[in-house]
Amino acid sequence: TADERERERERVKWKGVGEELGEGVKNRARRGQQEKSTGVRERKEVGFRVEVESEDEVGEKRGGRGWRVLGGVESRGVLRKISDMLEVILKRMDSLSKLDNTSTTDARRLDELSSAINRFQPAGLVERIQAIAQNVSNMAIRVEQILQNSMVQGRAVRDGTSSQCEVPRDPRFPECPGKVDWMRARWTSDPCYAFYGVDGSDCSFLVYLSEVEWFCPPLAWRNHSSPPIQHAQQAKVPKRQILVHVGFLTEESGDVFSPKVLKGGPLGEMVQWADILTALHVLGHNLKISMSVKELQGFLGVPPGRGSCPLTGPLPFDLIYTDYHGLQQMKQHMGLSLKKHKCHIRVIDTFGTEPAYNHEEYATLHGYRTNWGYWNLNARQYMTMFPHTPDNSFMGFVSEELNETEKRSIQQNKVNNMAVVYGKEASMWKLFIGFGFPYEGPAPLEAIANGCIFLQPKFRPPHSSLNHEFFRGKPTSREVSSQHPYAEQYIGRPHVMTVDYNNSLEFDSAIREIMRTKDFCAPESPFIPANLSRQGSASGSRITGPLFVPLPNSTALGWASNVTAPPAWPPLSSLRLLVSQEGQSCVEACHSASFICEPAHFRFINNKDALHGLEVQCEVVDSEINHILPAFSVVRRECGLQREPLLFSCAGHSPKYRRLCPCRDFRRGQVALCRDCL
């Protein structure tokens, strides 16, 4: 027939192109060795991006569309392979041209492929062959995809199932058509799609998008007698199943930490991870520990591929403890499942993450975006070594306690005039004894626990991401007033002395005070904050009146005793409602009244009752998205309530607003617990 003759002419045309290319390859390969002495090799445009590289750059480039330039012997082998691959493409095109059901779209793709190959010129092929080679595989895949799709569509027509796989236009699933279009173009980009049965047909796309992912409605002709696998409920077990993925020790993260352990490396992080593992084990939980991406994939049941597909079964763990490196690795390999299961994650975060940096959209719009943060977690899911900001959870670590025999031994064998010098690398040493860095490590607390005095510098001005390179890029605006703010604020004198090293009189006075102590290294019995002891580490109503009432001998308001308090932890009996000054954070406002800010109580004061109880004059009360709310402006008589719970922040402050602060009391040495919590 005329159609058959036309297809035969096309086949001969493509075969001729292949033979011409092959002859050009052979001729140019004989001159390939002569090209080796050329300092720069230029690859010209062949329908896609090309580059110019010097010989020094050859073999160094990775990723993108760069390609290694080969020598004469290697070139001949590569060129033979390329010629063979081109022949395979032509054969597949020949098969494809014989199909009767080739769609208009497929024909257009063939035209594009034909145009690309027609641009190949036989003369000077080696100059171009480096760029051509990387595209040949893609061409082969595209032709194979077209061929498979056409065959599948042919089967659908014969089987009568094509009408059942029309892309639905359902307002409940508005993203479905776009996702199907994406799958048509990209389903071969990740082997995980084939793993779940995707074969290039619209039917397989819809099955995947409705049963593995959730962008399309369930198909009526599929068996739905049992719920999809991804919605299966996990059986309750008496012990928690916990995965601990130490991301910063994985080879994939660069693992720059573990080699330094015996050379004064980041022992603070190591101490915390060791204590977390110990505490979880002592509490009786079932633990799995991973320190490589391969182990992480195995424990989570990640499908093969590049992380484009979600997990289909229930998450095999109740909790996952990891760090920022591990969180990034989980995102790469869990796909959409990370968002689905993010409430199970706890992030070990050395310096803390404030809510303004954690909320991705808000951080991007308001200049808080950094290389960390932006994960949209509940701020309490970030667990810190010290209580930097109450917005995060205070995980802590264990500082060993001495028994009576050890204490007597220290007293009997003590060396007079002994001091602990805190610094771990030569770059950290400064004038005199070199205090100032590292920040907030465990070593000072170990020294204090053994009866020593810790002398540290006060920073004026305080160090922060605005003025100090070490904190730049970290997801916090916290101002660090000394080398160890926790020791300064929660332990203090006589165990901790914080002085301005630039003030010689103050420094000299502190040294003399220490030297006058009868027992230089133990002015009092050793002190361990309850936060860091073994015990510490393992640890709607009908309204009939005002919610908040004045407390005796205090400027704060408390929860009204005649109003039934809703279930909360810490209990609402510990709540102390205060107002900050302009430019003052709730951390500072609560601390100035000998309280701490309690972010769990923001939801109880984010209302007009709190404003009324504080006698705030509001002409306008708006609900907005801003990390300083709830707050009010005295000058403009404007009040604002928080609309985004993820942005409740103890750390936020503004020079124009006074904030409503949910403070609470706490037990001395144990800020994690209120006075009535035990």
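Tutor: Keep in mind that this is a predicted model. Let's begin with Glu 479, which sits in the loop between strand S9 (454-463) and strand S10 (480-482).

Student: Why is Glu 479 called exposed?

Tutor: Its relative accessibility is 51%. The label exposed needs a value over 50%, so Glu 479 counts as exposed.

Student: What is Glu 479 in contact with, leaving aside its neighbours within four places in sequence?

Tutor: Pro 462, His 463 and Ser 464. The cut-off for a contact is heavy atoms within 4.5 Å. As for Leu 466, its C-alpha is 9.2 Å from that of Glu 479, and the two residues are 13 apart in sequence.

Student: On to the cysteines. What makes Cys 192 and Cys 309 a disulfide?

Tutor: Their sulfur atoms are 2.0 Å apart. The rule asks for sulfur atoms within 2.5 Å, so this pair qualifies as a disulfide. The angle about the S-S bond is 75°, and the link is right-handed. Distant parts of the chain are linked here: Cys 192 belongs to helix H7 (residues 191-195), while Cys 309 is in the loop between helix H10 (293-300) and strand S5 (319-322), 117 residues apart. Both Cys 192 and Cys 309 are buried.

Student: How many disulfides does a search of the whole structure find?

Tutor: Eight. Another one of them joins Cys 590 to Cys 663, with 2.0 Å from S to S.

Student: Why is the disulfide of Cys 590 and Cys 663 called left-handed?

Tutor: Look at the torsion about its S-S bond: it is about -80°, so the disulfide is left-handed. Cys 590 lies in helix H20 (residues 586-592) and Cys 663 in strand S19 (residues 658-664), so parts that are 73 residues apart in sequence are tied together. Cys 590 and Cys 663 are buried.

Student: Which hand does the link of Cys 674 and Cys 677 have?

Tutor: With 100° about the S-S bond, this link is right-handed. The S to S distance of Cys 674 and Cys 677 is 2.0 Å, and both residues are buried.

Student: Now the aromatic rings. How many aromatic pairs are counted?

Tutor: The count comes to 23. One of them is formed by Tyr 362 and Tyr 368, with 6.2 Å centre to centre and 10° between the planes.

Student: Why is the pair of Tyr 439 and Phe 471 called tilted?

Tutor: Their centres are 4.8 Å apart and their planes are at 55°. Stacked takes under 30 degrees and edge-to-face over 60, so this pair is tilted. Both Tyr 439 and Phe 471 are buried.

Student: What makes Arg 369 count as lying over the face of Tyr 374?

Tutor: Arg 369 is at 4.0 Å from the ring centre. The distance limit is 6 Å, and the charge must also be within 35 degrees of the ring normal. Likewise, Lys 474 lies over the face of Phe 351, at 5.3 Å from the ring centre.

Methods:
Residues numbered from 1 in each chain as written. Predicted model: local features only at pLDDT ≥ 70, side-chain atom pairs only at ≥ 80, totals over all residues. Heavy atoms only, no water. Helix = DSSP H or I, 4+ residues; strand = E, 2+ residues; numbered from the N terminus. Buried < 20%, exposed > 50% of the residue type's maximum accessible area, 1.4 Å probe, protein only. Phe/Tyr/Trp six-rings, centres within 6.5 Å; stacked < 30°, edge-to-face > 60°.
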